[in-house]
Amino acid sequence: MPGFKKKGSQTVVFEKAPVITSWASIVGPKEGEGPWGQEFDSVLGDYLYGEDTWEKAEKKMLREAVKLSLDKRNLQVDDAEIILAGDLLNQTVSSNYAARELARPFLGLYGACSTMAEALLVGAMLVDGNFFNRLVSATCSHHYAASRQYRFPTEQGTQPTPSTQWTATAAGAVVLEWAGVGPRITAGTIGKVIDMGQSDAADMGSAMAPAAADTLKTHLNDLERLPDYYDLIITGDLARVGMAIAEQLFIRDGLSPKPNYSDCGVLLYDEKQDVDAGGCGCGCSAAMLCGPLLKKMQKGEINKMLLVATGALMSPTMAFQGESIPGIAHAIAIEN
Amino acid sequence: MNVDAKQMKKIEMQEYQNLVDQIKPKPDILKNSVWAFMVGGLICGFAQVLVNYLLSLGMSRTDAGSAVSCIMIFLAAFFTGIGVYDELGKRAGAGSIVPITGFANAIVASAMEFKREGYIFGVGARIFSVAGPTLVFGFAVAVVVGLIKVFLSS
């Protein structure tokens, strides 16, 4: 029967909620120095990770995060029936090349910085739909690889503005299974692409905030829930500017998620770390989820969490052609 | 989309822009200007000291100017190479972009960045990826000014 598990307009509710049985995170040096440095599985000593380019380093981070997530559950790479991954680089090269080396069936995804939630949403549907028993959802980003593609050469002396965000050097991987022990993905909301005409390439938060607000509102409406149903509602990488705007939009929509609302981009770094508005990138929400957040769920400090991962679907080409920056946000509900 | 819906969307976008303008922190113009003035001034002041020194050695003004340009370009390239110039640029903004050293930084930074794609499709093809517009429009203006001079003096 079509539409069986769909509830409301954009939300899916999983019948036998897929279990997050294992997860792993690898972060760069700057993220390691941040407030959650101790919570990640591995902190890199340098940005090249033994490779000769940023892109290859990013690919290696993703590959190793996938391996580590399986290894933590005493599984081999071959035990993953399918890998879902995406990243920020053109042609999602980090994911494609990591998948080449992992040699497992692979679906490449792109949702800019919302990719972690997208991979978990698709993964949970594949598991709950009885297509696969075990799969890995993963994503990554690398500060310098993203910087040279989206902005300027890394050694160029440019001045950031207070709304500029720092792309996280981080990778996260989650093992999703049909049965097992761990937090479960109970529902997910697929976001719409929303564009409110923002075009400042140094301010992704303002471009993404409307998408985050729309997805959150839709999620709560579809499931007839109030914000306080969740112990924590966390957006992906709105950072300080985007988060402040999102809070205003929530209030406009009649929601007041505070005090249970936060943002991975705000949390990932310390304000003293010279990151202006905060963190961004696929790895930002992925590392926060696969580091401190899932650990807190495991310990029972958080029991119901809604991750609203946000993505700015920015393209330098389209920006030069005068287009504004569309945003997207996907939500996944994780419950113990 | 009918006209009403378009109009609504436009109003909604304008309202959102107002909200963004209200919340988005403005760059600290005073602090940035002071930094730009000091750093830009120091770079130009240092170059002037070099010019004066070369003049005192008996070099002509034209030769001294060319020599100092070369020295400043070398220094900017050197400090870009050791990863210092971009740190300076974060604070100084226009102060380190506008002098000739900023131009050198843009070219060397591009060369360093794209070396990994090889010497032809990397360095060769993309060395002017940032500085290119300055060159193109610099040449264009030079041609126009040159033509005007030719017509005026004939």
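## Two domains in chain A

Chain A splits into domain 1, covering 18–177, and domain 2, covering 184–335. Keep in mind as you read that this is a predicted model. The C-alpha centres of domain 1 of chain A and domain 2 of chain A are 18 Å apart.

## Where the domains of chain A meet

Let's start inside the chain. Here 53 residues of domain 1 of chain A contact 54 residues of domain 2 of chain A. Together, domain 1 and domain 2 of chain A bury about 4000 Å², and 67% of that area lies on carbon and sulfur atoms.

What about charges and polar groups? Between domain 1 and domain 2 of chain A the count is one salt bridge. The side chains of A:E39 and A:K295 form a salt bridge, at 3.9 Å from N to O. Polar contacts between domain 1 and domain 2 of chain A number 18 residue pairs, with both residues at pLDDT 80 or more.

Several elements of chain A build the side of domain 1 that touches domain 2, each with at least two residues; among them are β3 (19–27), α1 (29–33), β7 (134–141) and α5 (143–150). The largest share of this side of domain 1 of chain A comes from α4(A), which gives eight residues. Sorted by class, the side of domain 1 of chain A facing domain 2 of chain A holds 29 nonpolar, 16 polar and eight charged residues.

## Where chain A meets chain B

Now for the neighbouring chain. Contacts link 31 residues of chain A to 33 residues of chain B. The area buried between chain A and chain B is about 2700 Å², with 57% of it on carbon and sulfur atoms.

One salt bridge pairs B:R91 with A:D274, whose closest N and O atoms are 3.6 Å apart. There are also 14 residue pairs in polar contact between chain A and chain B, counting pairs with both residues at pLDDT 80 or more.

Which helices of chain A each supply at least two residues of the side that touches chain B? They are α6 (204–222) and α7 (239–252) of chain A. Of the elements on this side of chain A, α7(A) gives the most, with five residues. By class, the side of chain A that touches chain B is made up of 13 nonpolar, 11 polar and seven charged residues.

Conventions:
Residues are numbered from 1 along each chain as its sequence is written. Chains are lettered from A and ligands numbered from 1 in the order in which they are written. This is a predicted model: local features need pLDDT of at least 70, side-chain atom pairs count only at pLDDT 80 or more; totals for chains, interfaces and linings use all residues. Side-chain values use heavy atoms; hydrogens and water are left out. Domain bounds come from an automatic or database domain assignment. Contact means heavy atoms within 4.5 Å. Buried area is the accessible area (1.4 Å probe) that two parts lose on being put together, summed over both. A salt bridge is a side-chain nitrogen of Lys or Arg within 4 Å of a carboxyl oxygen of Asp or Glu. A polar contact is a pair of N or O atoms within 3.5 Å; within protein, one must be able to donate a hydrogen and the other to accept it, and residues adjacent in sequence count only if both atoms are side-chain atoms. Helices (H or I, at least four residues) and strands (E, at least two) are DSSP runs, numbered from the N terminus. Ala, Val, Leu, Ile, Met, Phe, Trp, Tyr, Cys and Pro count as nonpolar, Asp, Glu, Lys and Arg as charged, and the others, Gly among them, as polar.
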